[in-house]
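Reader: I have a protein model open and would like to learn how to read it. Could we go through it together?

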Amino acid sequence: MSSAQFVRPARITDVETVVDLQVVSWRAVYGDLLPDQVTREMASDQAREQFREQWTTALESPPTSRHRLVVATDEIDGKRTVTGFAALGPAGDPDLWPATDSEIFALHVDPERTRQGHGSRLVNACVDHLVEDGFSTVHVWTPEADNALRTFFEEAGWQADGARREIDMGTILPMVRLHAAISP
């Protein structure tokens, strides 16, 4: 493993790369599950500007001190590059207790860099932060249909907790919530 492969807190200078990764990762994970129009809109200038604002706000004034945005890096062609990111914090679902239940809100890795350990490093760093902040359970929402993100979490031992929701994105996208117990 390269000495440039690590996870660190995101910086304002990472926001543009985070937006790029969000768009390409979303297309890779959700592309087959959504109408073409939705995947095209995800890459539009308007959507990208909204993502920029969202991530800038997350860094400059997070909702709580327990909300974080972290990035995975690697050395590519002699240059240190952000290869993925994760957003985490207290769980927001009404059936969960935000003092002990946490959530990974976003986990995105460059589709050209998957299966190289970046996602695992991001999840491990998230869990380290969450345990440090006193959480005992971590949750993540994934599409219910077979997809790489759900497979990634389930292969790591995460299990569905019975919660479901549907997102209307021009077509209904059924989602399931996975969870894992965490401890020091």
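Author: Gladly! A strand here is a DSSP run of E of at least two residues, a helix one of H or I of at least four, both numbered from the N terminus. The model is predicted, so local features need pLDDT of at least 70 and side-chain atom pairs 80 or more, while totals for chains, interfaces and linings use all residues. Residues are numbered from 1 along each chain as its sequence is written, and side-chain values use heavy atoms, without hydrogens or water.

Reader: In which sense do β5 and β7 pair, and over how many bridges?

Author: Strands of a sheet pair through backbone hydrogen bonds, either parallel or antiparallel. Here β5 (residues 137–143) and β7 (residues 172–181) run in the antiparallel sense, joined over 7 bridges; two strands count as paired when DSSP finds at least two bridges between them. Another residue with a partner in β7 is His139, bridged to His179.

Reader: What is the order of the strands in the sheet?

Author: The open sheet has 7 strands, ordered β1-β2-β3-β4-β5-β7-β6, and its pairing is mixed. At the edges are β1 (6–9) and β6 (159–168), each with a single partner strand, so one side of each has no neighbour in the sheet. The pairing of β6 with β7 is antiparallel, over 7 bridges, and Arg164 stands opposite Val176 in β7. The β6 and β7 hairpin has 3 residues between the strands, and Gly170 takes a positive phi near 90° in this hairpin.

Reader: Now the helices. At what angle do the axes of α1 and α3 cross?

Author: Two packed helices are described by the angle between their axes and the distance between the axes. For α1 (residues 15–30) and α3 (residues 45–60), the axes come within 9 Å and cross at roughly 125°. Axes are lines fitted to C-alpha atoms, for helices over the stretch in contact, with angles from 0 to 180 degrees between N-to-C directions. The contact (heavy atoms within 4.5 Å) includes Val15, Val18 and Val19 of α1 and Phe51, Trp55 and Leu59 of α3.

Reader: How many aromatic pairs does the whole structure have?

Author: A pair of aromatic rings is described by the distance of the centres and the angle of the planes. A search of the whole structure gives 3 aromatic pairs. In one of them, Trp55 and Phe85 are edge-to-face, 5.3 Å centre to centre with 75° between the planes. Rings of Phe, Tyr and Trp (its six-membered ring) pair with centres within 6.5 Å; planes under 30 degrees apart are stacked, over 60 edge-to-face and the rest tilted. This pair links distant parts of the chain: Trp55 is in helix α3 and Phe85 in strand β3, 30 residues apart.
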